Amino acid sequence: MTRDHYDYLLLGGGMASDAAARGIREIDAEGTIGIVGREPTEPVTRPALSKKLWTDPDFSFEQVWTGTAEDTGAELLLGETVVGLDTARRTVRTASGQEIGYGKALVATSGTPASLDVDDPHGSGRVIPFRSVRDYESLRGLTAQGSPHVAVVGGSYIATELAAGLTETDARVTLVFTQDTLLGPMLPADLAQRVESLFREHGVELVRGTEATGGEVRGPDGPVRLTLSSDDELEVDVVVAGLGISLETGFAVEAGLEAVDDGGIVVDAHLRSSDPAVWAAGDVAHYPDPVLGTRRVEHVDHATSSGRSAGRDMAGADEPYTHTPFYYSVLFGVRYEAVGMLDSSLEIVEDRQGGAGDPLEQVVAYYVEREADGADTARVHGVLLWGVEEGTGATDAAREVLAAGPVDVGKLPGRIRLG
């Protein structure tokens, strides 16, 4: 039975809320916790949906569940969308008309995936804006039907991961993206070219420099005809979109919480919003990173770290959030991690550490901005660790470089070792 009041009400059914519930329990063993989630399923380890479930035969579907309710005693209110927040009365209203009171609340709603303007009059479900565990189940089911042609639309992390993962099935894969080179806006040029080679070697057709502008599903079993901005058309069996998210924070903005233009909720060093009883964590938090400056981050390390920190602070820990998150991806067995801003328009100092010219080569890339024209010193804005294994300590070393302030550019190579 759903309560009408919780000591801690967590808005959002993802990994940030799971971590927050665990953080609360580290401090407060008895307080009541409610989690309101738009998706009909309990929290999952979301990165597995585009990574391990496709590429690791030893990782089963049962392993995606976080076990939030069992581990923390939190009550889950699933399939409910938050549509209203009353900070004066300390209540939340859902789309179904429920009103729930809280002592303290956390906004961790993340967002809804961007969709494509593709008409599906038959309700075929063959166009999937990929985000949830149900999206994974739909895509897995469709790829099990013969050898379908799947178009993945987008040049994002999730799109590239899905395109790579789908090569482990019998599907024929086409990746449609707007960049001139896949991952070109973030990777050094030579490394981006080698990434494209990896995709081609695994049978992925790359359609570059264009976007899907519309389309139609021709029947309940397809095909799907996509129209592209290049005036070409693409006919496939399934379309998957990895085009980012729109933040689900309108209810918080309407309630008067301070926010930035994209809907990110402004928080202080303790992840507390402009209302003293409301915190924000994960994708929606616009927070002051002590190393990188004020920002908003949509990656799992930040979701879990900020969620736990917010939960502990809500329960009275009074600890600032000082973690500088990293993000990672895995493509065809190559793992890369990054801290800070990867912007290939910056000057990039590459440190190649073996296997030169091979896509599996280990590379540390520093994204720098010179202090002045011709200066030997520069500020490092981002660090890429290409070919790094998990848990090596290189990520902490990258954080130290970013926190060090201006550095001698000539001394960057060799500063971080991957092997």
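Biologist: Which residues are linked with Asp190 in a network of salt bridges?

Modeller: Asp190, Arg194, Glu350, Arg352 and Glu361 are linked in such a network, where a salt bridge is a side-chain nitrogen of Lys or Arg within 4 Å of a carboxyl oxygen of Asp or Glu. This is a predicted model, in which local features need pLDDT of at least 70 and side-chain atom pairs count only at pLDDT 80 or more, while totals for chains, interfaces and linings use all residues. Residues are numbered from 1 along each chain as its sequence is written, and side-chain values use heavy atoms, with hydrogens and water left out.

Biologist: How many salt bridges does a search of the whole structure find, and which residue pairs with arginine 131?

Modeller: Side chains of opposite charge can pair when their charged atoms come close. The search of the whole structure finds 29 salt bridges, and one of them joins arginine 131 to aspartate 283, with the closest N and O atoms 3.3 Å apart. Arginine 131 lies in the loop between strand E9 and helix H4, and aspartate 283 in the loop between strand E19 and E20, so the pair ties together parts that are 152 residues apart in sequence; helices (H or I, at least four residues) and strands (E, at least two) are DSSP runs, numbered from the N terminus.

Biologist: Is arginine 131 buried or exposed?

Modeller: Buried means under 20% relative accessible area, exposed over 50%, and partly exposed in between (1.4 Å probe, protein chains only). Arginine 131 has a relative accessible area of 17%, so it is buried, and aspartate 283, at 12%, counts as buried too.
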